[in-house]
Amino acid sequence: MSLVAYLVVAALLMVAGLAMVASRRSLIHVLIGLELVLNASALNFVAFDRYSGGGQEGQLAALFVIVVAAAEAALGLAIVLHAYSSKGSIRPDDFRSLGDS
Amino acid sequence: MSALDSLLWLMPEAILALGACVVLAWDLVFKKARPWESGAVGLTCLAGASFFLFQRLGWGEADVLGMVRVDFHGTLFQLAVALSAAAALILEMADRHPPGREGRTETVFLLMAGVLGAFFLLGTWNLMMLYLGFEGLGLAVYALVAVRKWEKDSAEAGVKALVYGALSSGLMLYGISLLYGLGGSLDLREIGLETARVLASGHVVEVAVPFLLLLAGFGFKLAFLPFHFWAPDVYQGSSTPVLSFLAVASKVAGAAAFLRVLAGWLAAGLDGGLGEVLAPTIWILAAIAAATMLLGSLAALKQKNLHRLLGWSSVAQGGFFLIGVALLGRYGFEAASAYLLVYGLTMIGIVAAAFFLSRKSGGLQLRTLRGLGRTHPWVGVSLVILLASLVGLPPTAGFFAKWLLLVRAWEGGLGWLVMVAGLSTILTLVYALRLARPLFLESETDRPSGSNLWPVQALVVGAAAGVVALFHFTPVLDLARKSVESLRFF
């Protein structure tokens, strides 16, 4: 497989993630979309590393991205849980009380 | 450099990391700890870190462990972030609003973790490190916004901060991964060289896409158009101490890191292939600056909620900072750095003054400013001075900070941008007057008072005194000049 194939898959992952964030169906959807965005970058890192033939910088970067994604998911779920217990809903459209008065 | 030497260079970071762990463990070990104790530990650590940062200002430059860069620019803004976080921490400790001590220790810990993230964000040429710092600061901010679970808006503000913040850092990471592919390295200086080479061979899109993605990441952090929409909502939904952290520490850190990234790019490119894309880049940044200033100050005009007004105002101030950035040159960056320092000091004072609003009506409505100058004369007078600095009126540091930006923009051939900035300044004057006018009218009752508020009062008065003292602008200018020199991109 060529480098381009990996890049295309990563770009598709990225677009899918953005589409999920934009769909606004539920906050869990949004969180999954955010994870996809991060994973698209991780795939890019590994692919570039493999084909540039350099050191392991890209692979290390991918590892860090995985850790960050885990931290973000944990914090994100905590906030979503808090949001659910205070509003009784996790639809993004229900969070509209802050705004120009 | 041996491991011990590196530790010496990284003393501020080490103190903060250890201190954060101590704060977290404090309440577990000392079961009967009083609410203020963790805050005191946090303040001590911030003071220790600031002390070592102050020392480090004179130490020159070093690459520590291949990842962390110590130079004047990084250390100066790390110091600014540490001091503004200390201000936020003082506000948090003075806040007796929360019932009992729930959330107090967590807030202190998160503030320190955020500052640690900001330290690494500011002190590195490595894009992975930069991203980790960016994300460390970001994660702390999302949690800080939502930490007061008993306040009804905290959930919504937390969700908004999380979704938009995480999305922006994700976009930025994607940009970083593309840059890694382009440059074969994560070091910004090498990427800059490679970028210049790619541009010289006529491939503009390959550079423009990652550049725009990075711009999106920083755009959310600095809340400039078209990535500003989260800021007013999140500012409105967060508590005053967290607002102080958001508007000063987080923003200053993001802005200074933005300067470094652009400098790394420019360093390699100015004599290389950057020539052709320089003009469009300046144009894009200048257009963003103009739109941000205008929209921010226009929207601030009609706000009734003080936090929300400060949110829009801070959007507009970000636009002013961008004027200097848009010039993409040494003098522009100097003006932007000086503006950033003055903005930080001014904003610390103004946000601290928001602490004295009457809580009777529940919200932070502007009308509760009435009579603040009568019940707390020092705060009232200081707030007027700070607002003058925000507008850019003499005799305050804000005057020269804005003046310098406008002069540089004029010299850089961006006359239309100066006009827009002037218009935005007039709008700023209008909403500053709206804030200042009711201060000395008849008083609203039920204002928070008590012995615990004297540190906040001292903060407001100190910031105002600092702003007036820095009307003698040379020290600020010197700092800005040295900091831009240490980025070495010219």
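This is a predicted model: local features need pLDDT of at least 70, side-chain atom pairs count only at pLDDT 80 or more; totals for chains, interfaces and linings use all residues.
B:S313 belongs to helix 13 of chain B, which spans residues 306-326, and, when residues up to four places away in sequence are not counted, B:S313 touches B:A300, B:L390 and B:Y431.

The largest nonpolar core has 214 residues, and those with the most contacts inside it include A:F45, B:F258 and B:F321. Helix 11 of chain B, residues 240-269, supplies the largest share of this core, 19 residues. For B:F258, once neighbours within four places in sequence are left aside, the contacts are B:L215, B:F218, B:L222, B:F224, B:F321, B:L322 and B:V325.

The axes of helix 6 (residues 127-146) of chain B and helix 9 (residues 205-222) of chain B come within 12 Å and cross at roughly 30 degrees. Helix 6 of chain B is therefore roughly parallel to helix 9 of chain B, because angles under 35 degrees count as roughly parallel. Helix 6 of chain B passes helix 9 of chain B in a left-handed crossing, and the residues that make the contact are set out below.

| Helix | Residues in the contact |
|---|---|
| Helix 6 of chain B | B:L130, B:F134, B:L137 and B:G138 |
| Helix 9 of chain B | B:G217, B:F218 and B:K221 |

By class, this contact of helix 6 of chain B with helix 9 of chain B has 4 nonpolar, 2 polar and 1 charged residues.

Definitions and conventions:
Residues are numbered from 1 along each chain as its sequence is written. Chains are lettered from A and ligands numbered from 1 in the order in which they are written. Side-chain values use heavy atoms; hydrogens and water are left out. Axes are lines fitted to C-alpha atoms, for helices over the stretch in contact, and angles run from 0 to 180 degrees between N-to-C directions. Helices (H or I, at least four residues) and strands (E, at least two) are DSSP runs, numbered from the N terminus. Angles under 35 degrees count as roughly parallel, over 145 as roughly antiparallel, 65 to 115 as roughly perpendicular and the rest as oblique. A crossing is left-handed if the near helix is turned anticlockwise from the far one by less than a right angle, and right-handed if clockwise. Contact means heavy atoms within 4.5 Å. Ala, Val, Leu, Ile, Met, Phe, Trp, Tyr, Cys and Pro count as nonpolar, Asp, Glu, Lys and Arg as charged, and the others, Gly among them, as polar. A nonpolar core is a set of buried Ala, Val, Leu, Ile, Met, Phe, Trp, Tyr and Cys residues joined through side-chain atoms within 4.5 Å. Buried means under 20% relative accessible area, exposed over 50%, partly exposed in between (1.4 Å probe, protein chains only).
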